[in-house]
Amino acid sequence: DKDKKKIAELIKLLSDCNSNFKLVVVGIAKTGEELTAGHPSVERCLKEVSLQRMCQDDLKKIILNGMNSLNLIPEDYVVNKIVDISAGYPHFTHLISLKCGEHAIANKERHVTKETLKVALSEAVKDSEGALQRMYESTLRTLNTPAEYKLLLLTAAYCKTPEFRSAELREKLSSKFGIDIDSQALSRRLTLLTKGGKATILDKPARGCFQFTDPRMPSFLKMALNSDDNEI
């Protein structure tokens with residue numbers, strides 16, 4: 001926050017001096033205010049540009065163009081799975097595709113198969129951003145039944161909207177895994193994931209409503225847990 005406020009002060013000074021110099025501040029945030037630590041006098045100097053997630057067709061182009069340049073042939077399953085895990089974030093598309101290519105080339109294979117992807121996902125998790133890894137690992141360490149919560153988190157990662165309710169998660173657990181869980185018990189488990197230190201994996205914006213504190217976490221969870229052969 002201290003560094004963000006310094007940047008905000010610099011932007012304000014440039015504006016006050018009628019400077020033609022502009023700063024582009026790039027970061028993961030819901031609003032520009034988060035990137036300036038809420039500096040009150042700089043808001044009028046900012047223009048926010050929200051970047052949307054990439055569409056599936058564009059993510060597929062990244063995969064296919066990259067594989068083609070290396071004379072690699074990915075199975076349709078591999079391409080669709082990478083797109084699904086990426087959830088619109090090209091960073092994950094690049095990372096998983098890179099690991100697939102490295103494994104295939106190292107093993108003198110031309111075809112990128114489901115088995116290639118399994119190894120690639122495991123390697124991609126190791127190279128993922130430290131903040132996501134620490135949040136995930138620290139959360140699991142505090143739980144008595146981590147395997148149970150892994151399934152719960154993976155199911156939440158496949159919810160279609162950023163915010164989800166326990167009822168939606170309960171229905172998905174039932175339809176995908178045949179697991180029926182009491183609504184109150186499920187709500188207690190989800191609420192537990194919002195408590196703890198600063199880096200909680202879930203947030204509770206409203207009663208009965210939950211969301212991931214980091215919007216990239218669903219992609220990381222799909223990557224980490226699918227590498228353990230847990231698939232939805």
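1. Leaving aside residues up to four places away in sequence, Thr200 touches Met135, Leu193, Thr194, Lys195 and Thr213, where contact means heavy atoms within 4.5 Å. The model is predicted, so that local features need pLDDT of at least 70 and side-chain atom pairs count only at pLDDT 80 or more, while totals for chains, interfaces and linings use all residues. Residues are numbered from 1 along each chain as its sequence is written, and side-chain values use heavy atoms, with hydrogens and water left out.

2. Thr200 lies in the loop between helix 10 (183-192) and strand 4 (202-206), and with a relative accessible area of 13% Thr200 is buried (under 20% relative accessible area, 1.4 Å probe, protein chains only). The side chain of Thr200 reaches the backbone oxygen of Leu202 at 3.2 Å.

3. Turning to the chain as a whole, the secondary structure of the protein chain comes to 11 helices and 5 strands, taken as DSSP runs numbered from the N terminus (helices H or I, at least four residues; strands E, at least two). Along its principal axes, the C-alpha trace spans about 60 × 50 × 30 Å.

4. Of the 232 residues of the protein chain, 37% count as buried. Among contacts in the protein chain between residues at least 6 apart in sequence, 63% join residues at least 24 apart.

5. The protein chain exposes about 14,000 Å², of which carbon and sulfur atoms supply 50%, the areas coming from the Shrake-Rupley method with a 1.4 Å probe.

How values were computed
Buried means under 20% relative accessible area, exposed over 50%, partly exposed in between (1.4 Å probe, protein chains only). A polar contact is a pair of N or O atoms within 3.5 Å; within protein, one must be able to donate a hydrogen and the other to accept it, and residues adjacent in sequence count only if both atoms are side-chain atoms.
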